[in-house]
Amino acid sequence: MSVIATAGCQSPAEAPSGPEQVYRDACLICHAGPGASAPDLTTLSAVNGGSFPMEEVIAIIDGRQDVRAHGSPMPVWGARHSTEELQALAAYLATIQQ
């Protein structure tokens, strides 16, 4: 008789999906940690007097508000994602504020 021990085994963590995945795939490359080439997206509320600037964030992400990074514009994510996806991303950013 063969016994397979499974005590202590855990299923792997689920891969993030939706706005968290977009954040990891599209945002962190420029907005992560010290020395990042763009502002830390987890401190937007802190640098805006404790209030998350939802409308401004959406306007930057969807391309209505131009943002320059090292002489070139930030990618316009509105051309790649639906309005609903961009709003979900902005809402996700609001939840990760420090």
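Reply: Start at glutamine 21, which lies in helix 1. Helices here are DSSP runs of H or I with at least four residues, strands are E runs of at least two, and both are numbered from the N terminus. The model is predicted, so local features need pLDDT of at least 70 and side-chain atom pairs need 80 or more, while totals for chains, interfaces and linings use all residues. Residues are numbered from 1 along each chain as its sequence is written, and side-chain values use heavy atoms, with hydrogens and water left out.

Glutamine 21 has 23% relative accessibility, so it counts as partly exposed. The scale is simple: buried is under 20% relative accessible area, exposed is over 50%, and partly exposed is in between (1.4 Å probe, protein chains only). Now look across from glutamine 21 to leucine 89. These residues are 68 apart along the chain, yet their C-alpha atoms are separated by 9.3 Å.

Contact means heavy atoms within 4.5 Å. By class, this contact of helix 1 with helix 3 has eight nonpolar, no polar and one charged residues. Nonpolar covers Ala, Val, Leu, Ile, Met, Phe, Trp, Tyr, Cys and Pro; charged covers Asp, Glu, Lys and Arg; the others, Gly among them, are polar.

How do the two helices cross? The axes of helix 1 and helix 3 come within 9 Å and cross at roughly 85 degrees. That makes helix 1 roughly perpendicular to helix 3. Axes are lines fitted to C-alpha atoms, for helices over the stretch in contact, and angles run from 0 to 180 degrees between N-to-C directions. Under 35 degrees is roughly parallel, over 145 roughly antiparallel, 65 to 115 roughly perpendicular, and the rest oblique.

Cysteine 27 has a relative accessible area of 9%, so it is buried. Cysteine 30, at 33% relative accessibility, counts as partly exposed. Are they bonded or apart? The sulfur of cysteine 30 is 9.0 Å from the closest cysteine sulfur, in cysteine 27, too far for a bond. A disulfide needs a pair of cysteine sulfur atoms within 2.5 Å. By this rule the count comes to zero disulfides.

Helix 1 covers residues 19–31, and histidine 31 is found in it. At 12% relative accessibility, histidine 31 counts as buried. Leave out residues up to four places away in sequence, and histidine 31 touches Ala36, Ala38, Pro39, Asp40 and Leu41.

Now follow helix 3 to its other partner. Helix 2 spans residues 54–62 and helix 3 spans residues 83–95. They pack at an angle of about 130 degrees, with their axes 10 Å apart. Helix 2 and helix 3 are therefore oblique to each other. Helix 2 brings Met54, Val57, Ile58, Ile61 and Asp62 to this meeting. Helix 3 brings Leu86, Gln87, Leu89, Ala90, Ala91, Leu93 and Ala94. By class, the contact has 10 nonpolar, one polar and one charged residues.

Within helix 2, Val57, Ile58, Ala59 and Ile61 are buried. The buried residues of helix 2 pack against helix 3. Just after helix 2 comes glycine 63, with a positive phi of about 95 degrees.

Alanine 94 sits in helix 3. At 29% relative accessibility, alanine 94 counts as partly exposed. Alanine 94 touches Phe52 and Met54, not counting residues up to four places away in sequence. Threonine 43 is 51 residues from alanine 94 in sequence, and 9.6 Å away in space, C-alpha to C-alpha.

Glycine 78 is in the loop between strand 2 (72–73) and helix 3. Its relative accessible area is 32%, so glycine 78 is partly exposed. Beyond its neighbours within four places in sequence, glycine 78 is in contact with Ile61, Asp62 and Leu86.

Last, the whole protein. It has three helices and two strands. Along the sequence they follow the pattern α-α-β-β-α. Buried residues make up 24% of the 98 residues. Of the contacts with a separation of 6 or more, 53% join residues 24 or more positions apart.
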